[in-house]
Amino acid sequence: MLVIAVLLAHAALLAGPAPRLLARARWTTRFPQAALRTWHACAAGLLITLAAALVLTAHDLWEHGMVWLFNADKHQVHAAYGGAWLAAGIAEAALLVLMLGGVTLSTFTLRRTLRLRRARDRHRLTADAQAAHGPLGAHAGCDRSTGPTVRVLTHDAPAAFCIPGPRGGSRIVVTSAALEMLSGDELAATLEHERAHLRLHHHRSILAADILTAALGWTGPLRGYADHVRRLAEMAADDQAVRHHGRRTVAKALLEMSTAPDAGPGAPGLSAMTGSNPAERIRRLIHASPRPASRLVPALALAATLAVPALPVAVAMAPAALLADTAHPASSGH
């Protein structure tokens, strides 16, 4: 009973106060990549905690597993976890909910992933078939022998976005209007921003957040998860571009692209330079503190990232672990 209560309290914390505190925390915009990992840890911790609570409610399955794993006495394990109040019907219902939830989430994830992959394949084929040749290499700092292939599309609206793919299959697409609008340094910063999205696998982060938000967001927990992941992914890519080209160059490129009169030929599910809230990103780049960033906050965020998903597992297994090797040889076969 106590273990289940602790798990439910942990789930309530991850579903309520934790996302609100993360959304309001100032350190997240200074360390966006660390904040991304923390958001993912909260989401994973919530799922693991709910699954553990359901498994423990269906205590027969869990208790038999713990008896086998730790060679513990079955009666003492049962006393530690359950109690006579857990009716068989409640246990079976909890197990059924867990199985149905797992199957539903897995099916939803597979369908969303396949649909997004097909859309990316279509965009990649379009970019390869319609790409113009020649102008990109003339800009200083834009020609790299390694990394994703850059394609130039003839289009009146300035835009730049990346298309994730398998090894050697990623693309960065930039329009002819963007080439005309941006200086060489600004174009190089824009391309570095898109390379950062691919290098940091932000498309996977966004896909995971979209799936969990669609699955659980309507209930309240993690309702803003996907929006915050997109916002932080853009900031993290901005920071990578800043390392090579400076804040002013990145901010100016973003300003030029976001204030263009026409929207570019981006596509849903693809990370674009003018993605999430460009005004906030420009202010962040301009007003950023010149002081070196402290390493303490990312270290604490990493510790929280590791601890949050591990805590429900530790709580669930602790009673059986404390009873390790308590099984009597005579009763081990029963």
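Leaving aside its neighbours within four places in sequence, which residues is Leu232 in contact with? Select Leu232 and look: Thr28, Pro32, Ala35, Leu36 and Trp39 are in contact with Leu232, once neighbours within four places in sequence are left aside. Contact means heavy atoms within 4.5 Å.

**Before going on**

This is a predicted model, in which local features need pLDDT of at least 70, side-chain atom pairs count only at pLDDT 80 or more, and totals for chains, interfaces and linings use all residues. Residues are numbered from 1 along each chain as its sequence is written, and side-chain values use heavy atoms, with hydrogens and water left out.

**Whole chain**

Show the cartoon. The protein has 14 helices and 4 strands. Both are DSSP runs numbered from the N terminus: helices are H or I with at least four residues, strands are E with at least two. Colour by burial next. Of the 334 residues, 44% count as buried. Buried means under 20% relative accessible area, exposed means over 50%, and partly exposed lies in between, with a 1.4 Å probe and protein chains only. Now take contacts between residues at least 6 apart in sequence: 74% of them join residues at least 24 apart.

**Stop 1: the cores**

Select Leu14, Tyr225, Val229 and Leu232. These touch the most other members of the largest nonpolar core, which has 21 residues. A nonpolar core is a set of buried Ala, Val, Leu, Ile, Met, Phe, Trp, Tyr and Cys residues joined through side-chain atoms within 4.5 Å. Then move to Leu187, Ala253, Leu254 and Met273. They are among the 17 residues of a second, separate core.

**Stop 2: H4 against H10**

Two packed helices are described by the angle between their axes and the distance between the axes. For H4 and H10 the angle is about 40 degrees and the axes are 11 Å apart. Axes are lines fitted to C-alpha atoms, for helices over the stretch in contact, and angles run from 0 to 180 degrees between N-to-C directions. The crossing of H4 and H10 is left-handed, that is, the near helix is turned anticlockwise from the far one by less than a right angle; clockwise would be right-handed.

Show side chains here. From H4, pick Gln33, Leu36, His40, Ala43 and Leu47; they meet His202, Ser205, Leu212 and Leu216 of H10. By class, this contact has 5 nonpolar, 4 polar and no charged residues. Ala, Val, Leu, Ile, Met, Phe, Trp, Tyr, Cys and Pro count as nonpolar, Asp, Glu, Lys and Arg as charged, and the others, Gly among them, as polar.

**Stop 3: salt bridges**

How many salt bridges does the structure hold? There are 8. The criterion is a side-chain nitrogen of Lys or Arg within 4 Å of a carboxyl oxygen of Asp or Glu.

Start with Glu186 and Lys252, whose side chains meet at 3.7 Å, N to O. Glu186 lies in helix H9 (residues 184-199) and Lys252 in helix H12 (residues 247-258), so this bridge ties together parts 66 residues apart in sequence. Glu186 is buried at 6% relative accessibility; Lys252 is partly exposed at 45%.

Go to Arg230 and Asp210. Their salt bridge is 2.7 Å, N to O. Arg230 sits in H11 and Asp210 in H10, so parts 20 residues apart in sequence are tied together. Arg230 is partly exposed at 30%, and Asp210 is buried at 17%.

Next, Glu280 and Arg231 form a salt bridge at 2.9 Å, N to O. Glu280 is in helix H13 (residues 278-286) and Arg231 in H11, 49 residues apart. Glu280 is buried at 18%. Arg231 is buried too, at 16%.

**Stop 4: positive phi**

Most residues other than glycine have a negative phi, and most peptide bonds are trans. Select Asn71, with a positive phi near 55 degrees. Asn71 is in the loop between helix H5 (59-70) and helix H6 (74-81), and is partly exposed at 38%. His201 also has a positive phi, about 55 degrees. Find His201 in the loop between H9 and H10.

**Last stop: His203**

His203 is in helix H10 and is buried, with a relative accessible area of 17%. Leaving aside neighbours within four places in sequence, His203 is in contact with Arg120, Pro164 and His197.
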